Amino acid sequence: MRVLVLGGDGYLGWPTALHLSDKGHEVAVLDNFARRQYDVELEAESLVPIEDLATRIDAWQEVSGKKIISYIGDLLDAEFLYNAVREFAPDSIVHYAEQSSAPYSMIDREHAVYTQNNNVVGNLNLLYAIAEINPDIHLVKLGTMGEYGTPNIDIEEGWLEVEHNGRTDRMLYPKKPGSYYHLSKVHDSHNIEFACRIWDLRATDLNQGVVYGQETPQTTLDPRLATRFDYDGVFGTVLNRFVIQAVLGQPLTVYGKGGQTRGLIDIRDTVECIRLAVENPAERGEFRVFNQLTATMSVSEIADLVAEAFPGPVQIEHLDNPRVEQPEHHYNVKHTGLVGLGLKPHLLSDTLIESMFDIVGANKHRVNIDRMLPQVSWRGAIKS
Ligand code: USQ
């Protein structure tokens, strides 16, 4: 199939492009390099050095004999987007091209507005491009488990059968997200569901949990194929951060009591989930939702796991939670859709955590230690 990966230069977009190319698909990536700009703004680069996109693409061709095409530009530039979709003529578009950090969206008004404008308008331009150019294109959209938040009822895969005053309907599962970033994904989901219902588009919304890991079978074939590895308090995800903190001899920063529970997924399963969604498209008119996670754990459990796996002393520190989150809550998530398509999860193991210790050990001199502690407060806008 022909697959266009939007955000194909990012943490997950790049390994996804490689995985799809490796599995025989014709792949193009589209990116505006915004993620590399946030590095400059936040003064925290990827822990593992990464090459520019052109070098990565050349290295992949050298290693695999396969070609990846690139389009450099912004989804907010509708003309550019339409041209890329027309020229590449994809069967499927995988959409990662969004600002992906909750703390980044909560820095201040400007960052919240940027995040929602970038994400919601970019996605809307994409829906129009698909509808006007070829409504048969399957949109595979990266959503987030954070769209649901932490409701006191079980979380279904996107839809909920509701009975009210003796009548029933199948409704989108109610959303209670925890940041302006997560809200941007809720808005996207609503816009996509509308486009499926009104224009008969086909879409898969993947509500992904917190990703951990940095290597996939393809990125390890050559150091030039490496994907980024974030450690800072804005873009670093929790398990990756704890691994890095352990190696640096820094305390693991558990926010609050650590009773908040999240869905987790290995980066190798992320790329495989995308392949499964692409190769098994939704029907025309269908807004299909999968919860993309393979395990759930509390933040304290994650910290304990990393501390136990590390071959040395590790301190766990409970910081005042800079976010507004429920300290403890019910969390029972249905995630059978992707397993039904054939996903064989890599469950979190000591071996994986130990392999991450080695990657960090080799690159620890690159860490800007001032960027390790959380610096963004969810209540920052409130006058005290
Ligand atoms: N946390 C800590 N200590 C840290 C970092 C995080 O206790 O040093 C806690 C947070 O308070 C939160 C949990 O760990 O309860 C997860 O935080 P995170 O920064 O790993 O993940 P999050 O902000 O939720 O966002 C990440 C990705 C985002 C994706 C989301 C999936 O950056 O793109 O959408 O995971 S989910 O969390 O399921 O919404």
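Modeller: Let us start with the shell around the ligand, to which α8 (238–248), β10 (252–255) and β11 (261–266) each supply at least two residues. Helices (H or I, at least four residues) and strands (E, at least two) are DSSP runs, numbered from the N terminus. This is a predicted model, in which local features need pLDDT of at least 70 and side-chain atom pairs count only at pLDDT 80 or more, while totals for chains, interfaces and linings use all residues. Residues are numbered from 1 along each chain as its sequence is written.

Biologist: Which element gives the most to the shell around the ligand?

Modeller: That is β10, with three residues. A residue is near a molecule if its C-beta atom, placed from the backbone, lies within 6 Å of it. In this model 22 residues surround the ligand, and the closest are T144, M145, G146, V238 and Y255.

Biologist: How do the residues of the shell divide into nonpolar, polar and charged?

Modeller: Ala, Val, Leu, Ile, Met, Phe, Trp, Tyr, Cys and Pro count as nonpolar, Asp, Glu, Lys and Arg as charged, and the others, Gly among them, as polar. On that basis the shell holds seven nonpolar, eleven polar and four charged residues.

Biologist: Why is helix α1 described as largely enclosed by the rest of the structure?

Modeller: A residue is buried if 20 or more other C-beta atoms, placed from the backbone, lie within 10 Å of its own. Nine of the ten residues of α1 (residues 13–22) are buried, so this helix is largely enclosed; W14, L18 and L20 are among them. Contact requires C-beta atoms within 7 Å, and the buried residues of α1 pack against elements including β1 (2–6), α3 (53–64) and α9 (267–279). After α1 comes G24, whose phi is positive, near 100°.

Biologist: Which residues touch the most other members of the largest nonpolar core?

Modeller: A nonpolar core is a set of buried Ala, Val, Leu, Ile, Met, Phe, Trp, Tyr and Cys residues joined through C-beta atoms within 7 Å. In the largest, of 86 residues, V5, L6, V94, F242 and V243 touch the most other members, and α8 gives the most to this core, with seven residues. A second, separate core of twelve residues includes A44, M106, Y180 and F235.

Biologist: What share of the chain counts as buried?

Modeller: Of its 384 residues, 48% count as buried, and the chain contains twelve helices and 14 strands.

Note on methods:
Two residues are in contact if their C-beta atoms, placed from the backbone, lie within 7 Å.
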